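Morning, everyone. Let me put the model up, and then we'll walk through two parts of it.

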Amino acid sequence: MFPAAANEGNQGPFLLHKPHNSCCSLLRSSLRRAQKYSEGILQAECRPSFAKTKWSELFPNRHNADLLPFVTKDVDAHSDLFQYKPPFGFRGFFDTLQGLVQLLPEFDLPAELQSRRCKRCVVVGSSSVLRGLELGSTLNHFDIVIRLNDAPVQGYTNDVGNKTTIRMTYPEGAPLSPDEYFQNSLFVAVLFKTVDFAWLKAVVKNETLPLWMHLFFWKNVAIKIPIALRRFRILNPVIVKKTALDILQYRESQGMFFWGQVTSPQRLAQSKIQSGYESTPLFYFQTNKKTKSADDQMTARNINPSKVKPLQGKTKKAQLPLGQP
């Protein structure tokens, strides 16, 4: 679990792994702390633009507070979109992207969310670590609930809630069950390979993706996303570039091969929220991708933006301070 706290007075970040049953009680204790912390965020006065301001202070020459979270229709007016190849940009995909955005009628947060002066956000990923914690009611009280990949809701609402403002995922992570999509939610597509564009075009137009294209996905992908056309969005890849190359300062030469390690959907969600939203506690639950069971390994992490600082010395990676629960 990964709360990126936007409020002062946080007890400090913690990092836990659950490779063995002996860690269960410690994990549960840490999650209860996170629950208490998130409830405190909801009870406290919301501070507009606190997270945005804090990240600008931490990374004055690397964080762009005005970066748009989604790709807009006027792609030819944003040259930064095409400076890099995926996943850091859409170089070589100008015509493809232009044709795709022509199909989308809207490109920003819905009006009902934009009108709110201050927005508290929470990010929930896919892991059974939430089971039994009865966090559903707490999560439902956040203004914006972002669910990553195939994080389930049906059958788990008591623990994970049923409010979904944004579902953000790449094709292979999109839930296969139509019951996991809600008509008042946004679907934000993360595109970083050629076939991803074809997949999004197919689901947007309610068409069938050619069978041979399925060979280029590493798992089965959803063939239909049952939401209104106006609810589709495309993640701005410059956020990926800013997160990996500018904030974390990883080498550009690593490219797509460190996508899963550095620019995971969780990190993108964190960066997107800190760029565009307000007072933001951020939680995610991540499973070990090498295993089939969500119970095999889980990670809990709590990050306080006010304590994040660059490392000094030879390395240029951003330092995320860790503490003990």
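Some terms first. Two strands pair if DSSP finds at least two bridges between them. Helices (H or I, at least four residues) and strands (E, at least two) are DSSP runs, numbered from the N terminus. This is a predicted model: local features need pLDDT of at least 70, side-chain atom pairs count only at pLDDT 80 or more, and totals for chains, interfaces and linings use all residues. Residues are numbered from 1 along each chain as its sequence is written, and side-chain values use heavy atoms, with hydrogens and water left out.

Start with strand 3, residues 144-148. Who are its neighbours? Strand 2, residues 121-124, runs parallel to strand 3 and is joined to it by four bridges. There, Val123 sits opposite Ile146. Strand 4, residues 166-169, also runs parallel to strand 3, with three bridges. Here Leu148 has Met168 as its bridge partner.

Now burial. Buried means under 20% relative accessible area, exposed over 50%, partly exposed in between (1.4 Å probe, protein chains only). Five of the five residues of strand 3 are buried, so the strand is largely enclosed by the rest of the structure. Ile144, Ile146 and Leu148 point one way, Val145 and Arg147 the other. Note that Arg147 is among the buried ones.

Next, helix 7, residues 194-204. Eight of its eleven residues are buried. Among them are Phe197, Trp199 and Leu200. What covers them? The cover on the helix's buried residues includes helix 3 (94-101), strand 5 (186-189) and strand 6 (232-234), where contact means heavy atoms within 4.5 Å. After helix 7 comes Asn206, with a positive phi near 55°.
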